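Trainee: I would like to learn how to read a structure feature by feature. Could you take me through one, giving the general idea each time and then the case at hand?

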Amino acid sequence: MKAHFTIYVLFLLIVSSLYSCKSAKLSDAEEKQRIGEYYEAAAIYRKVYTKTSPKKRDLRGYIAYRMAECNRLINNTGKATSAYMNAIRYDYPDSTVYLRMGQMLQKTGRYPEAIKNYDIYMENDPSNLLAINGIQGCELAPGWKKNPTRYEVRRMDKFNSRRGEFSPMLAGDKYDQLYFASSRSKDKDAKVSAITGQNNNNLFLVKQDEKGAWLAPVELEDEVNTEYDEGTPSFSPDGNTMYYTYCAQDPEGPRTAEIYISTRSSAKWGKGTRATIVKDSVTALGHPSISPDGKYLYFVSDAVGGFGGKDIFRARVAGNDFGPMENLGEEINTPGDEMFPYVRDSVTLYFASNGHPGMGGLDLFKATQDSTGKWKVENLGAPINSMADDFGITFAGKEERGFFCSNRNDARGYDHIYSFERPTITIFIEGIVNDVDEYPIEDATVRIVGKDGLNVKVPVKKDGTYRVELERDIRYVMMASARGYLNQNYELHTGPEEKNETYIVDFFLSPISKPVVIDNIFYDFDKATLRPESKKALDEMIKMLNDNPNVTIELGAHTDRKGTDQYNERLAQRRAQSVVDYLIAGGIEAARLEAKGYGESVPKTINKKMAKQFDFLKEGDVLNSSLPCRRNSKRSPTRSTAERNSRSYVQTITYFEGAKSVISLKETGQSIALISTSKDRRC
């Protein structure tokens, strides 16, 4: 506190001494700065600085700081940085110079140097929010740049000129019109603004042709454009009222911005009239943005009682009148400047700020309001934001595309229009619905129900395929079904990543009219004890039974032809019962299950799939001892008797219309051995 007080007293002494020696030209610069003519003030300060002797360190530091402030306010970052450096060089006594120097360095991406200057400033003001957020922005910016969002940003050279363009605003039912302000002019003798050093801004309009291509911008010839500054338009829901910023130039008073209103008649915008939001003409108001429902007008003001700098306010619209100004609060507003609000819907606000943590200068932010009225603010990150000024965003309705303006890569600090678009993310699920023999089921359907409200029943194509578009980061439940087949369910949770993705989910439905082999059921040699590797197949069986609660099954176990018929049947019966016991332990009712051991009986009849897989077999062949076996050199060596006897197939059998069947397959060594065929019984 003592150090800060000392600096303040020293500053008063220096200023008092300056007033006793300053020239008329210095006073002219100070007056220009007072009324907001920063461009002309900076030029005068520069001349005075050049003529001032380096020995007059206090005076040089004072002039350099004032010159830096003027250049900062007209976005001439290069000249502002040089002037702040000179102010520091001449020991300018106000520590704010380090805060400003940090901000300028941050705007040029020199983040480590910016942090050093913020740290120096915070030695006297450790709780300053601008410095704290400045440091945080410098620390976050490299990560934002390294990991940009999916938005694609392009400079709109067709809209831009050698002058400046800012505050684009889409209009029209199809968002096929774009209004913006520009300082370009066909008049070579146009008066240069003493505030910005550019021509006064007028409103321009650019339209799309029938094919959606943007045409060349055209300056509005309507009465809404005047010899003074107009910009930052916003349109009522019906498109017939325009709210915009208007800056007249009173030669004797401050250059105050005001909000004006223009109405359209016969496709022409009429002369603007002042919006009576405040009674006085001193309070600056600008950057109007009407809410989509037309009930509130959001705007920017430096009104007394704010949080510092420029704040965002709103006022209820009542015909041609307005309710009281309402500050959006400290979650939105900071000691810095919050500007260029854009109301997208009732709970979503976009705005520009140099007070929240950012990449440099003005960054674009998105604020979302929850049910309690609290705002959550997030930086839009790169590539929409840069180390320069980025502001004035507009969206094409609900689509993630539109325009904004930025002075990135412009040494003069001129603003230009950029487009942005986030490519559509496509999330698909596709696959096939086959029977267990891997043949398409033509009349199958796939039903998908999701947490996002999706509830569709999709018929598969003749080749058994289906394809459905989904959303990311959503949990879905799917069920494939077909007449004469068991249902099969599947759960899917799509990933949260912002990238195109296609999920493949194939269904293999078990027929009700014939049995299906369940693979990968293993036993210890010559025992009915289930081996651990059988768990996955058995758990899938439990899921299938839970998905089809009205199904009752018989589980038939088989062995190979080694040993007597009586011994093999008893072993097969015990093995089948082991599976039944596992299923009961898994929650399946015992009444739905029946175990049956078949030993080596019931030979297998070759189907189309097996005939295609083994070229020495024909569809309809019965695998019995009279059928010759053929060796296949590509298969693994002959397995031992222990390996053969440790493996069995368990077949799910359904009760359907009073009939049941038994069938299974046994694979032995390098050949396909006889195992089983089917037979029916009446219930």
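Trainee: Which residue stands opposite Phe365 in strand 19?

Mentor: Strands of a sheet pair through backbone hydrogen bonds, either parallel or antiparallel. In this predicted model, where local features need pLDDT of at least 70, side-chain atom pairs count only at pLDDT 80 or more, and totals for chains, interfaces and linings use all residues, Phe365 stands opposite Asn379 in strand 19. Residues are numbered from 1 along each chain as its sequence is written, and side-chain values use heavy atoms, with hydrogens and water left out. Strand 18 and strand 19 (residues 375–379) pair in the antiparallel sense over five bridges. Helices (H or I, at least four residues) and strands (E, at least two) are DSSP runs, numbered from the N terminus, and two strands pair if DSSP finds at least two bridges between them.

Trainee: What lies between strand 18 and strand 19 in their hairpin?

Mentor: Five residues lie between the two strands of this hairpin, and Gly373 takes a positive phi near 90 degrees there. Strand 18 (residues 363–369) also pairs with strand 17 (residues 348–353), in the antiparallel sense and over six bridges, and in strand 18 it is Leu364 that Ala352 stands opposite.

Trainee: In what order do the strands of the open sheet run, and which are its edge strands?

Mentor: The open sheet is formed by four strands in the order 2-3-4-5, with antiparallel pairing. Its edge strands are strand 2 (165–171) and strand 5 (218–219), each of which pairs on one side only. Strand 2 is joined to strand 3 (residues 177–182) by five bridges, and the two run antiparallel; Glu165 stands opposite Ser182 in strand 3.

Trainee: How does the reach of helix 3 compare with the expected value?

Mentor: Helix 3 (residues 38–51) has 14 residues and reaches 20 Å from its first C-alpha to its last, close to the 20 Å expected at 1.5 Å a residue; the expected span is 1.5 Å times one less than the number of residues. Helix 5 (residues 77–89) can be read likewise, since its 13 residues should span 18 Å and its end C-alpha atoms are 18 Å apart, which agrees.

Trainee: Which residues of helix 5 are buried, and what covers them?

Mentor: In helix 5 the buried residues are Thr77, Ala80, Thr81, Ala83, Tyr84, Asn86 and Ala87. Their cover includes helix 3, helix 4 (57–73) and helix 6 (96–107), where cover is read from contact, meaning heavy atoms within 4.5 Å. Helix 5 is followed by Asp91, which has a positive phi near 60 degrees.

Trainee: Is Thr445 buried or exposed, and what does Thr445 touch?

Mentor: Thr445, in strand 24 (residues 445–450), counts as buried because its relative accessibility is 18%. Not counting residues up to four places away in sequence, Thr445 touches Lys457, Val458, Pro459, Met479, Ala480 and Ser481. Lys608, by contrast, is placed in helix 11 (residues 608–613) and is partly exposed, with a relative accessible area of 45%. Leaving aside neighbours within four places in sequence, Lys608 is in contact with Tyr439 and Glu619.

Trainee: Finally, how many cavities are there, and what lines the largest cavity?

Mentor: Rolling a probe the size of a water molecule over the atoms shows where empty space is left. On a 1 Å grid over the protein atoms alone, a cavity is a set of points where a 1.4 Å probe fits but cannot get out, and lining residues have an atom within 4 Å of a point. The count comes to four cavities of 30 Å³ or more, and about 80 Å³ of space lies in the largest cavity. Its lining includes Ser167, Thr232, Pro288, Phe340 and Gly392.

Note on methods
Buried < 20%, exposed > 50% of the residue type's maximum accessible area, 1.4 Å probe, protein only. 1 Å grid on protein atoms, 1.4 Å probe; cavity = no way out; pocket = protein on both sides within 12 Å on 5 of 7 lines; lining within 4 Å. Points joined across faces, edges and corners; volume = space filled by probe spheres on them.
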